[in-house]
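Here are my notes on the model, as numbered points. Please read them with the structure open.

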Amino acid sequence: MKYRIEKNCTSQREYEVNEKEELFFDRLYDSLPEGDRLFIHLYRMSNGTLSV
């Protein structure tokens with residue numbers, strides 16, 4: 001995974017990045033110009049959803 005995922009909740013539950021999430025965000029990373037990659041921030045919400 002080329003992006004860091006920050007936790008955006010107080011839940012103690014840990015979620016793993018699944019294969020589809022990893023493929024999606026790796027493709028997103030590769031398709032963006034280098035300067036734009038700095039503006040993508042991923043947050044794991046309490047229900048396990050990734051927020052961009």
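1. The backbone oxygen of G48 lies 2.4 Å from a polar atom of the R44 side chain. The side chain of R44 also makes a polar contact with the side chain of E21, at 3.4 Å. A polar contact here is a pair of N or O atoms within 3.5 Å; within protein, one must be able to donate a hydrogen and the other to accept it, and residues adjacent in sequence count only if both atoms are side-chain atoms.

2. On the basis of these values: this is a predicted model, where local features need pLDDT of at least 70 and side-chain atom pairs count only at pLDDT 80 or more, while totals for chains, interfaces and linings use all residues. Residues are numbered from 1 along each chain as its sequence is written, and side-chain values use heavy atoms, with hydrogens and water left out.

3. R44 counts as buried because its relative accessibility is 7%, buried meaning under 20% relative accessible area (1.4 Å probe, protein chains only). Leaving aside neighbours within four places in sequence, R44 is in contact (heavy atoms within 4.5 Å) with residues including I5, E6, Y15, E21 and L50.

4. R44 is found in strand 2, residues 42-44; strands are DSSP runs of E, at least two residues, numbered from the N terminus. Strand 1 and strand 2 pair in the parallel sense over three bridges, pairing requiring at least two DSSP bridges between two strands. E6 has Y43 of strand 2 as its bridge partner.

5. The open sheet has three strands in the order 1-2-3, with mixed pairing. Its edge strands, pairing on one side only, are strand 1 (5-7) and strand 3 (50-51).

Key. Helix = DSSP H or I, 4+ residues; strand = E, 2+ residues; numbered from the N terminus. Buried < 20%, exposed > 50% of the residue type's maximum accessible area, 1.4 Å probe, protein only.
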